[in-house]
Amino acid sequence: MAEFENEEEYIKNLLLNMPKMRDQRSPEEIYRNIKYKVEKKQSKKKMLMIPSVIIATFAIIVVLISSSFMQSNPNEIAKSTIEPRKESLENKAVTDQDQQNIEHNSQFSFSEKRDVSPDEGIVSEFSARTIDKKSMSAIYEQDLQQNDMFTYGVFTKDAILVPISVEVSKSDIDWFTNYLQTAEALPLEQWGFASLPNIPGELQYRQNEKKLHITVPKDQVRKVPEYVEQNLTRILQYSFSFLNHIKEVDYSDENGDPIQLNNIGLLKSYKVSPLVNVGYFSYLQTNGMKLLVPSDLEYSSFNSAIENMKKAPNDIYQPIIPNQIHLKATENHDNSLNIEFNKLLDFSQGNEDYQLMLDGILLTAKSFGYKEVLFKDVSPMKWEKFDFSKPIKVPIAPNKYTIKK
């Protein structure tokens, strides 16, 4: 017996002294990698077939921003419910007008199109831009001279969350109403994303406070799948952090009581936080379109992020900077960067991957707080929308889509 106890103690000491191993990946990245590999095994046919439960889940998340069920922090999530497609949904939006405490009520339905008058500025009959490119460009300040812009976090048909930016013709209606109506009009299936389901919920947007309150019916809270919970923080970031209209989201049930979730617990107020110190990678949709997605990890410096953008971080995302391209960034005192390439970079010999690379570099610079970037050792001095003879302002958001009346 004594000999056995000695051996047991010896083994225990060995285990205690073993090197500690830690997985640096976020729970969202681990979950997404597993989900992606499972979906990949199920998609050996030419057309990807997604189980109906998964489609419903993705679609819920797409609409969560427009019909808004929100999360407070990475460990706190809001929930919603899928309703039968035949039933109509009404989302009530309440908006403070002109910094006053006057509430404006509007009814919206994601299940049917409505006839509207031309002066309402509503996107009802529209034609989506014909996509003749293999990658989506970012949206820049000059793109908004004649247009408004809205951003959304949406899921692709193979379960990947991506940010998209949608530009529409300028309108006189208030921002939040326009945001919801644009979400209603998105041709997501045509663009390769999940479709919008019916989601119950009441929204109250206070413009002067930049605050969104979501009332979730108590009997609906428990029906949101775990997959929604795992991704809601990023959805809020993708939908609201690129602009400055919503800074806080809070929640209650119909009685004004806090929302208690099964897996997370009490749902607290969520402060909308921007993406900081991230890099950007390429994601290939099932329709062949390349999109930019932010990294899950934060980097210690801009140059560190750039080096990591040369290699794939997982099985889902791809690098946007070729290994043979080397660049060095130096910081100026006016929140701008100078970027020099190791040899002359001729964009006239390139392709759309150069557009994706430039957008990704500029968006990465934005996440590190820089406002402008001056590129050196490039040719020609003017290419596409870029004028390399002067500093280029960083984009507003990635993956531009356009809806026209």
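This is a predicted model: local features need pLDDT of at least 70, side-chain atom pairs count only at pLDDT 80 or more; totals for chains, interfaces and linings use all residues.
Me: How many bridges join strand 16 to strand 19, and do the two run parallel or antiparallel?

Reply: Strand 16 (residues 372–379) and strand 19 are antiparallel, and two bridges join them. For one place to look, find Val373, whose bridge partner in strand 19 is Ile392.

Me: Let me step back. How many helices and strands does the protein have?

Reply: The protein has eight helices and 20 strands. Of its 405 residues, 52% are buried. The accessible surface comes to about 20,300 Å², and carbon and sulfur atoms account for 48% of that.

Me: What share of the contacts between residues at least 6 apart in sequence joins residues at least 24 apart?

Reply: That share is 72%. Met136 gives you a case to look at: its C-alpha atom is 5.9 Å from that of Leu291, although the two are 155 residues apart along the chain. Met136 is found in the loop between strand 3 (127–128) and strand 4 (147–155).

Me: Why does Met136 count as buried?

Reply: A residue is called buried when its relative accessible area is under 20%. Met136 counts as buried because its relative accessibility is 1%.

Me: Now the core. Which residues have the most contacts inside the largest nonpolar core?

Reply: The general idea is that in soluble globular proteins, nonpolar side chains tend to be buried together. Here the largest nonpolar core has 94 residues, and Ile164, Phe302 and Phe375 have the most contacts inside it. Helix 8 gives the most to this core, with eight residues.

Me: What is Phe375 in contact with, leaving aside its neighbours within four places in sequence?

Reply: Phe375 is in contact with Ile339, Phe341, Leu358, Ile361, Leu362, Phe388 and Ile392.

Me: How do I read a pair of aromatic rings? What kind of pair do Phe176 and Tyr205 form?

Reply: A pair of aromatic rings is described by the distance of the centres and the angle of the planes. A search of the whole structure finds 20 aromatic pairs. Phe176 and Tyr205 form a tilted one, with 4.9 Å from centre to centre and 35 degrees between the planes. Phe176 lies in helix 4 (residues 175–185) and Tyr205 in strand 6 (residues 201–206), so their pair ties together parts 29 residues apart in sequence. Both residues, Phe176 and Tyr205, are buried.

For a stacked pair, turn to Phe347 and Trp383, at 5.0 Å centre to centre with 25 degrees between the planes. This pair links distant parts of the chain, 36 residues apart: Phe347 is in the loop between strand 15 (336–346) and helix 8 (352–367), and Trp383 is in strand 17 (residues 382–383). Both belong to one aromatic cluster, together with Tyr140, Phe341, Tyr354, Phe375, Phe386 and Phe388.

Me: Last topic, the backbone. Which residues does the cis peptide bond join?

Reply: As a rule, most residues other than glycine have a negative phi, and most peptide bonds are trans. In this model, a cis peptide bond joins Ser379 and Pro380, with omega about -10 degrees. Pro380 has its place in the loop between strand 16 and strand 17.

Me: Where is Ala159, and what is its phi?

Reply: Ala159 is in the loop between strand 4 and strand 5 (161–169), and its phi is positive, about 75 degrees, although it is not a glycine. Asn277 is not a glycine either, and its phi is positive at about 55 degrees. Ala159 counts as buried because its relative accessibility is 2%, whereas Asn277, at 26%, counts as partly exposed.

Conventions: Residues are numbered from 1 along each chain as its sequence is written. Side-chain values use heavy atoms; hydrogens and water are left out. Helices (H or I, at least four residues) and strands (E, at least two) are DSSP runs, numbered from the N terminus. Buried means under 20% relative accessible area, exposed over 50%, partly exposed in between (1.4 Å probe, protein chains only). Rings of Phe, Tyr and Trp (its six-membered ring) pair if their centres lie within 6.5 Å; planes under 30 degrees apart count as stacked, over 60 as edge-to-face and the rest as tilted. Two strands pair if DSSP finds at least two bridges between them. Contact means heavy atoms within 4.5 Å. Accessible areas come from the Shrake-Rupley method with a 1.4 Å probe; for residues, only the protein chains shown count as cover. A nonpolar core is a set of buried Ala, Val, Leu, Ile, Met, Phe, Trp, Tyr and Cys residues joined through side-chain atoms within 4.5 Å.
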